[in-house]
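Dear colleague,

Please find below the structure that I am handing over to you, followed by an account of what was found in it.

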Amino acid sequence: MRVGGWAADVGLGAVFAAVLAFWASRIADSWGGGYWRFDCAAGAVVCVIALARRFDPARAAAAGLAVAATAVLAARFVDLPSEPGPGMALGLAVLVGTAVRVLPVRTACGVAAGGLAVAAGSLLTAHTLAAGVPSVTLMNVLAWAVAVVAGLCPRLLDARRRAVADRVRRAERLRLARELHDVVAHHVTGIVVQAQAARLVARKSPEKAGDALAEIEAAGSGALAAMRRVVGLLRDPDEPATPAPGGLGGLGELVGRFEAGGRAVRLRLPGEEETATWPSEVAGTVYRIVQESLTNVSRHAPHARTVTVSVERDRETLTVEVADDSPRGPSRHHQRGGYGLIGMRERVEALGGTLRAGPSQGSGWSVLATLPVPRSQALPERARR
């Protein structure tokens, strides 16, 4: 468990102890004798279970509800003060809220229903109903309602975030599918053209290559048509066709548009002779990383004055880093955690790479991606030296 979790539980334990002690003193004043001992002991057991809820929320909730139900029955038949008392009600609220927050839907609903039953069960221990619903019952039901709301709200927010993240991933995968179509279509079209040319040459000796070349042509044309049909199914019918992101040749124009906003950009790129040999999907991914990173700087780092864009190649690894010099703020990490990075991480990991985004050393924000370059595109021996 994280340090923050331990600190929260220590504070919660102090609240539990204060509530139990306060209610024990009230019972001692109004009932006298040792009547406070049962409520204090039963409430303490439920509070300890609530403090241990992180290890197994489902079993902790079941145990807490069982102890509370037993306390209600004991108070009913042995003529003890009303149960659950405030300390036990607070412990049950923590257990119910945690269950609603983290457990599966059916289990969470079961725990919530059990908590409501225990809260309503305090009617059985009420010593008078003449004045309406007892205050202990109202307190228990109110604590149960607050616990359900406190657990349900973050659960719904998490579900919304997951839904948005899934939409972003789906959109990025569709974009990748369109780019894959464009890249492969280019190569397949080349195969078809070469096969057609080879057929013309092979007319002088058709017995040697004519049939094989005809099969190559038919296979290439069929693959191209099939891929177009499949990618057409992936496209949204109302979505306009958009071109694939530009390669590294378009980075200069992208940086120029960004600099028009008043920020300087230091751009470091390998030579054109080297980048021309990179696979199209790698070059397109580099472009998208830089594009998304510069967009994030425009949106979330208004005080940044300089941005460094670095694309470097080391043997079979390509490193892309975009860093700005904006000062850190207390809420910057939250602001910069946009959904665009989810799509970028999806794209980078699809190529077998990694993506990290976070504060830089000293000040500023950095997006760092590493991409593997296929062995067929490895640097020649002279370039390595």
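In helix α12 (residues 340–350), the buried residues are L341, I342, G343, M344, E346, R347 and V348; buried means under 20% relative accessible area, exposed over 50% and partly exposed in between, with a 1.4 Å probe and protein chains only. Helices here are DSSP runs of H or I of at least four residues, and strands are runs of E of at least two, numbered from the N terminus. After α12 comes G352, whose phi is positive, near 85°.

This is a predicted model, in which local features need pLDDT of at least 70 and side-chain atom pairs count only at pLDDT 80 or more, while totals for chains, interfaces and linings use all residues. Residues are numbered from 1 along each chain as its sequence is written, and side-chain values use heavy atoms, with hydrogens and water left out.

Helix α12 lies across β4 and β5, running at about 150° to β4. Axes are lines fitted to C-alpha atoms, for helices over the stretch in contact, and angles run from 0 to 180 degrees between N-to-C directions; contact means heavy atoms within 4.5 Å. Helix α10 (residues 280–300) lies across β2, β3 (317–324) and β5 (365–372), at about 15° to β3.

The strands form an open sheet of five, in the order β1-β2-β3-β5-β4, with mixed pairing; two strands pair if DSSP finds at least two bridges between them. Because β1 (264–268) and β4 (354–359) stand at the edges with a single partner strand each, one side of each is left without a neighbour in the sheet. Direction ignored, neighbouring strands of this sheet are turned by 10° against each other on average. Strands β1 and β2 (residues 306–314) run parallel and are joined by five bridges, and the bridge partner of A264 in β2 is T306.

Elsewhere, F77 belongs to helix α3 (residues 57–78) and is exposed, with a relative accessible area of 68%. R76 lies over the face of F77, at 5.7 Å from the ring centre; a charge sits over a ring if NZ of Lys or CZ of Arg is within 6 Å of the ring centre and within 35 degrees of the ring normal. The C-alpha atoms of F77 and L124 are separated by 9.5 Å, although these residues are 47 apart along the chain.

Overall, the chain has 13 helices and five strands, and 37% of its 385 residues count as buried.

With kind regards
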